[in-house]
Amino acid sequence: MSEQNMEVESYKVKYKYINRFTRGLFFLAGDTFALLISAAMAFLILSPFSLAARPVPVEFTAMMVLSILVGLAFFRMYVVNWRYMSLRELVRIFCGVLFGGFTALAISEIFLSPGNFEYAYTALTMLNALLLVGGFRISKRMYIELVSAPKKRKKHTIIFGGESEGEQILRDILKNEHWNLNVRGMFDDRIMPGLLLHGTRFLGGKKKMMEYIREHDVDQLIVAFPEIPKKDLKEIIDEVKSIRPDMDIKVLPSFHSLSDDPVGVKHIRDISIEDILGREPVNIDMDTIRNSITGKTVLVTGGGGSIGSELVRQCAKLDPAKLVMLDVDETELFHVENELKSLNANLIPCVASVADKNKMDRVMREFEPDVIFHAAAYKHVPMMESFPDEAIRVNVGGTHVLAELACKYGVDKFVMVSTDKAVNPTNVMGATKRVAEEICMSFNDICNTKFISVRFGNVLGSRGSVVPLFMEQISNGGPITLTDSRMKRYFMTIPEAVLLVMQAGSMGDGGEVFVLDMGEPVKIIDMARDLIRLHGLEPDKDIHIEVTGLRPGEKLFEELLNAEEGVNETDHKEIFKAICIRKLEKDQLDEKIGRMFEMIHKGDIASIRGMLKEIVPTFNYRGKTRKLSGKNLSEKAKESDKNTHGSKNGHAISKEKSAIEEEEEASVVH
């Protein structure tokens with residue numbers, strides 16, 4: 001017999017004679033006794049104030065007790081669970097007693113002609129009944145929680161943020177004892193120290209909170225301040241973790257992430273990499289995006305990937321007529337389709353390669369999309385250095401196939417997801433994405449389809465990106481491997497990047513290369529240390545960081561625009577339009593792309609990079625890297641960390657040209 005069945009049998013033996021009927025009789029007897037005691041107490045209290053000796057009003061008392069019992073039954077107080085009595089049940093007791101008392105008075109008016117004594121007697125009996133019946137009903141819960149329940153150590157908790165959100169969370173904690181949280185202090189620079197909130201004192205602001213954390217053994221901090229700037233939140237997290245690396249920090253997300261329910265503990269979450277980056281959330285005009293998607297047929301290529309799947313998720317919420325998600329990976333398509341079933345979107349999975357022209361022609365002919373989001377691409381830099389022919393086949397050939405078919409079938413908008421690695425590329429992947437941008441611009445001139453490219457940097461949590469890799473290394477006990485301690489990258493969350501891609505697509509007129517404002521570049525080594533602290537560990541003590549050296553085709557710094565380019569502002573403050581200078585006419589571009597594919601067909605892989613260099617003059621392939629040392633180079637590297645150039649409109653775009661890169665021994669392909 002299984003353990004679960006044994007527990008069931010044990011329960012049946014223990015409660016052999018207890019059922020719904022016997023439980024009802026038990027509570028009926030208990031309530032009757034409590035009501036009789038209530039009536040006796042009321043009579044004893046009122047008797048001294050009576051002008052003449054009065055006998056006990058037996059008939060009136062019996063009718064009142066019976067009426068209240070009927071009232072309790074009417075409000076279903078004989079089918080409730082004794083152990084889990086709550087305020088809701090106490091309200092029902094109040095209603096039952098009130099109902100019974102007034103019913104008794106109404107009946108007595110007809111048959112017994114009550115006087116002032118009976119009215120006072122009824123009121124006092126009802127008051128006593130609320131105390132005694134309510135006390136009887138809540139007695140088991142009080143016994144279990146105050147006497148028999150094992151005493152658990154409650155977490156020493158403090159709350160930063162004392163306005164409405166902090167008050168609601170504190171109230172939620174006080175109401176739910178089983179969470180074992182003991183809030184010993186509130187901190188908020190906006191509220192006067194010394195004030196009490198539900199018995200908990202405000203002890204000061206941020207500075208006082210840090211002093212408190214240093215002096216007391218605090219287990220948990222709840223940041224109940226959803227509108228706090230991300231930069232300030234990062235400062236708080238960094239300072240707290242520097243004082244107590246193992247301290248648990250919870251945050252209340254901004255309002256747009258919350259449901260319509262009242263704010264409570266269920267809304268708080270663990271701190272994430274997004275919090276420690278210090279990036280402010282982007283502003284999105286959902287109305288503009290909705291108008292470009294609702295009622296349209298949308299095709300998303302690479303629909304099973306990190307960016308493509310998020311594009312599918314966001315589009316599915318906007319009620320498209322059809323949503324076709326295309327990918328070569330049927331497993332990922334299955335997962336996305338299964339995830340989005342509850343949205344009831346007209347979601348159509350399609351297993352195909354964008355490089356297969358015949359298959360893509362059938363897809364376009366069958367579905368006739370109005371909008372295409374082209375996110376299908378090979379993206380892993382070192383892998384594509386080993387297989388440059390595959391990068392060209394998919395990233396270049398797939399884009400060319402789709403662009404040609406978009407014109408053929410009259411697609412309204414074609415939005416290609418590009419990358420910061422397309423700028424001054426030092427690797428095949430970046431060069432192929434730059435060629436894809438050129439393809440989109442060249443096709444924009446020959447048909448009515450509006451071709452738009454959108455560049456952005458790394459996204460947090462995408463498959464194969466640095467954050468999941470670091471997380472895995474931390475979970476395995478380290479070390480974290482880093483190619484260079486000076487390396488910097490731009491980062492954005494996947495939903496932010498996707499919504500901005502959709503925003504740029506909705507506002508583009510065709511032929512543009514949009515650049516997303518990725519904020520300030522982040523040093524990868526700082527991110528690694530933050531992730532270690534996020535896990536309650538100390539960098540270089542619990543988890544070590546190892547520097548392994550740059551990989552082939554890898555940069556220390558990414559750039560969002562070519563050196564000769566600038567940007568123009570758009571109506572959206574976080575989206576800029578690159579001033580792209582086309583180097584080749586469409587027929588010249590097509591001819592060179594054709595020659596590349598001839599090389600691939602002949603197996604002449606060695607010449608591919610040279611042809612990429614012809615199409616993308618800024619492609620500067622670095623085949624070898626070596627570890628550098630020396631005081632002079634270190635000083636140059638530190639200097640380059642400080643140099644950030646912006647365009648005349650103030651858009652902060654990294655133009656850091658690394659002294660290390662200039663000094664490297666590199667094989668440049670011509």
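Reader: What do the numbers and values rest on?
Author: In this predicted model local features need pLDDT of at least 70, side-chain atom pairs count only at pLDDT 80 or more, and totals for chains, interfaces and linings use all residues. Residues are numbered from 1 along each chain as its sequence is written, and side-chain values use heavy atoms, with hydrogens and water left out.

Reader: How many helices and strands are in the chain?
Author: The chain has 23 helices and 22 strands. Helices are DSSP runs of H or I with at least four residues; strands are runs of E with at least two; numbering starts at the N terminus.

Reader: What makes S38 buried?
Author: Buried means under 20% relative accessible area, exposed over 50%, and partly exposed in between, with a 1.4 Å probe and protein chains only. S38 has 0% relative accessibility, so S38 counts as buried. Its place is in helix α2 (residues 20-46). Across the chain's 670 residues, 50% count as buried.

Reader: Which residues does S38 contact, leaving aside neighbours within four places in sequence?
Author: Contact means heavy atoms within 4.5 Å. S38 is in contact with T125, N128, A129 and L132. The C-alpha atoms of S38 and V133 are separated by 9.1 Å, and the two residues are 95 apart along the chain.

Reader: Why is K586 called buried?
Author: K586 has a relative accessible area of 19%, so K586 is buried. This lysine lies in helix α20 (residues 586-602). Not counting residues up to four places away in sequence, K586 touches S442, F443 and I446.

Reader: Is H198 buried, partly exposed or exposed, and why?
Author: The relative accessibility of H198 is 40%, so H198 counts as partly exposed. H198 is found in the loop between β3 and β4. Its phi is near 50°, a positive value in a residue other than glycine.

Reader: What about N424, buried or exposed?
Author: N424 has a relative accessible area of 14%, so N424 is buried. N424 lies in the loop between β12 (413-417) and α16 (428-443). Its phi is positive too, about 45°, although N424 is not a glycine.

Reader: What is the strand order of the open sheet?
Author: The seven strands run β3-β4-β2-β1-β5-β6-β7, with mixed pairing. β3 (196-197) and β7 (269-270) each have a single partner strand, so they stand at the edges, with one side of each left without a neighbour in the sheet.

Reader: How do you know that β3 pairs with β4?
Author: Two strands pair if DSSP finds at least two bridges between them. Two bridges join β3 to β4 (residues 200-204), and these strands run antiparallel. L197 stands opposite T200 in β4.

Reader: Which strands does helix α6 touch?
Author: Helix α6 (residues 164-175) packs on the sheet, touching β1 (155-160), β2 (181-187), β3, β4 and β5 (220-223). Its direction makes about 160° with that of β2.

Reader: What makes α7 and α8 roughly parallel?
Author: Axes are lines fitted to C-alpha atoms, for helices over the stretch in contact, and angles run from 0 to 180 degrees between N-to-C directions. Angles under 35 degrees count as roughly parallel, over 145 as roughly antiparallel, 65 to 115 as roughly perpendicular, and the rest as oblique. The axes of α7 (residues 206-215) and α8 cross at roughly 20° and come within 10 Å. That makes α7 roughly parallel to α8.
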